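This report walks through one protein model, region by region. Please look at the sequence and the structure first.

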Amino acid sequence: MPSLLRFSLTLALLFVASLAASCTGEDLLPDDALPPVWGVAAAEDLDPQVGVVEYSLRVSDTDLELVEGLTTEAWTFNGTSPGPLLQARVGDLVKVHVTNDLDEATTVHWHGMRVPVEMDGVVWGNLKAIEPGTTFTYEFVAPDAGSYWYHPHIRSKVQVEAGLYGPIVIHEREEEQPDVDADRYFVLDDIRLDADGSISPHGTSHPDQMHGRSGNVLLVNGEERAPRVYLAAEAVERWRLVNAANARTMTLRFEGLDVREIGADGGLWPQDWTRSVDEIVLPVGARAELEVRLADPAQDGEMDLVVLALNSLGNVIEEEIKLVPVRFDADAEASTHAGHTANPQPVLPDAAHGDDEQHEIEFDAYEGNDGVVWTLNGYSWPDYDPWSVDVGEQQVIKISNPLGPEHPFHLHGQLFSVLSRNGQPADEPGLRDTVRVTGQSEVVIAVDFSNPGTWMYHCHILEHADLGMMALVEVD
Ligand code: C2O
Ligand code: CU
């Protein structure tokens, strides 16, 4: 099955489509319309009112051609994977009708968005899933501008792998929006396919239990051959990235591009936090916001993706894949755009609590009867270590990982900042909902518990969560 062994090739993913017409403003939109985002087709807003967006998502079985010439029976939102782009302006009321046409229950979780807990798409206690043949309407106000994503939160390792994930953009108020030539969302995933194109069965192999399931086909916006990107000589673009894979941490290395990191999970940063980067590491679940220019307009640029893969011995190795060839567009007019110049001041949990950690979370594992069981403070979901905080409280939390495999820690309903790693101040500005905790390391975060409810936190390696690495924190 050589056609599936894409990761063994440092292969420029040759691109077929050109810069989407949606970026040139050809299909003109009413004045109050949301700015176009290139990458994934936007869902239609069913409510004409300003301040309200209303979307319909149908979850179903769909045959897709992810790899040329092969059919993959995937699960999709509205027939595509990624599902359509959902977008709103910060402060808008968002309504999403989700109809489940699968043979099994599903939900939609709005990863990173501080929505009310009963709209969070999780399943435990009296929070129920969407049963086959039924519709549920999620309704919430979009509280923070930024790049988010949505995915089911039941049997996630199977449902997300099968294609159920999509991007969300909550646009800034107009005066804070970066002034760019194009706004693009790259949804990254890997999927494990068999030679006939079908999704490989979810097994219980030791590497999958230890490191999660890595795919053998890399997808950018649902395509193995993602569109080539053309930049004008002086163009400045906003790129949003999300890692929607089950388990694979991705390192993005930028060649021929001048890249400034301008935001993370919880939105854009003030100017003095932004910085030039040659590469970024994106654990599963996390997002990056980048301002991208050609380093040398006379030369082609390329963005390499360096991924962690398992070799035949089950060891984690790095492989390089050319992800997004960027081409200089000689005919385009020089850009007159300024990029990200606003100075948003996110409300950060402060580190005033000093070094006193107020809570500790330890990642661990033991060998159970059916293989590895992953634990948080010694408990494996549906058991968990009781933990409650007052709403409005800020807590400093030490997360420790004494074992080898890494864990992207994700907290629902709140945002946090990363204070330190292994005792050294962290160089990871911005508000986050997901943080990478590498093997044998310690990360200290400060959480602003501003959103009441009982919230899940878990490892976002979906196989680890499935094997127990999930718990609840009560905020009231
Ligand atoms: Cu992206 Cu608990 O999820
Ligand atoms: Cu984990």
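Where does glycine 222 lie? Glycine 222 sits in the loop that links strand S10 (217-220) and strand S11 (229-232). The model is a predicted one.

## Around glycine 222

Buried or exposed: which applies to glycine 222? Its relative accessibility is 11%. Buried means under 20%, so glycine 222 counts as buried.

What does glycine 222 touch, leaving aside residues up to four places away in sequence? The residues are Leu66, Ser81 and Pro82.

## Two cis peptide bonds

Two of the residues that glycine 222 touches, Ser81 and Pro82, are joined to each other by a cis peptide bond. Omega there is about -5 degrees. Proline 82 belongs to the loop between strand S2 (72-77) and strand S3 (86-89).

Tryptophan 381 and proline 382 are also joined by a cis peptide bond. Omega is about 15 degrees in that case. Proline 382 is in the loop between S22 and S23.

## The chain as a whole

The protein chain has 476 residues, and 57% of them count as buried. Its secondary structure comes to 3 helices and 31 strands.

Take the contacts with a separation of 6 or more: 77% of them are between residues 24 or more positions apart. The accessible surface of the chain is about 18,700 Å². Carbon and sulfur atoms account for 48% of that surface.

## The copper ion

Which protein atoms are the donors of the copper ion (ligand 2)? They are ND1 of His407, SG of Cys459 and ND1 of His464. The spacing of the donor residues in sequence is H-x51-C-x4-H. Histidine 407 is part of strand S25 (residues 407-411) and histidine 464 is part of helix H3 (residues 462-466), so the two histidines tie together parts that are 57 residues apart in sequence.

Histidine 407 has 0% relative accessibility and counts as buried. Histidine 464 also has 0% and is buried.

Why is strand S31 (residues 470-475) described as largely enclosed by the rest of the structure? Because 5 of its 6 residues are buried.

S31 pairs with strand S30 (residues 453-459) in the antiparallel sense, over 6 bridges. Glycine 453 stands opposite valine 475 in that pairing. Strand S23 (residues 388-389) runs parallel to S31, and 2 bridges join them. Here valine 389 is opposite valine 475.

## A mixed open sheet

What is the order of the 6 strands in the open sheet? The order is S22-S21-S24-S29-S26-S27, with mixed pairing. Strand S22 (371-376) and strand S27 (424-425) are at the edges with a single partner strand each, so one side of each has no neighbour in the sheet.

Within this sheet, strand S24 (residues 393-401) and strand S29 (residues 441-449) run antiparallel and are joined by 9 bridges. Glutamine 394 stands opposite aspartate 448 in S29.

## Positive phi in two loops

Asparagine 422 is in the loop between strand S26 (415-421) and S27. Its phi is near 45 degrees, a positive value in a residue other than glycine. At 48% relative accessibility, asparagine 422 is partly exposed.

Glutamine 440 is in the loop between strand S28 (434-437) and S29. Phi of glutamine 440 is also positive, near 50 degrees. Its relative accessible area is 63%, so glutamine 440 is exposed.

## Aspartate 190

Strand S9 (residues 182-191) holds aspartate 190. Aspartate 190 is buried, at 0% relative accessible area.

What does the side chain of aspartate 190 reach at 2.8 Å? The backbone nitrogen of glycine 215. The side chain of aspartate 190 also makes a polar contact with the side chain of arginine 248, at 2.3 Å.

Key. Residues are numbered from 1 along each chain as its sequence is written. Chains are lettered from A and ligands numbered from 1 in the order in which they are written. This is a predicted model: local features need pLDDT of at least 70, side-chain atom pairs count only at pLDDT 80 or more; totals for chains, interfaces and linings use all residues. Side-chain values use heavy atoms; hydrogens and water are left out. Donors are N, O and S atoms within 2.8 Å of the metal (3.2 Å for Na, K and Ca); water is not among the atoms, so sites may look incomplete. Helices (H or I, at least four residues) and strands (E, at least two) are DSSP runs, numbered from the N terminus. Buried means under 20% relative accessible area, exposed over 50%, partly exposed in between (1.4 Å probe, protein chains only). Two strands pair if DSSP finds at least two bridges between them. Contact means heavy atoms within 4.5 Å. Accessible areas come from the Shrake-Rupley method with a 1.4 Å probe; for residues, only the protein chains shown count as cover. A polar contact is a pair of N or O atoms within 3.5 Å; within protein, one must be able to donate a hydrogen and the other to accept it, and residues adjacent in sequence count only if both atoms are side-chain atoms.
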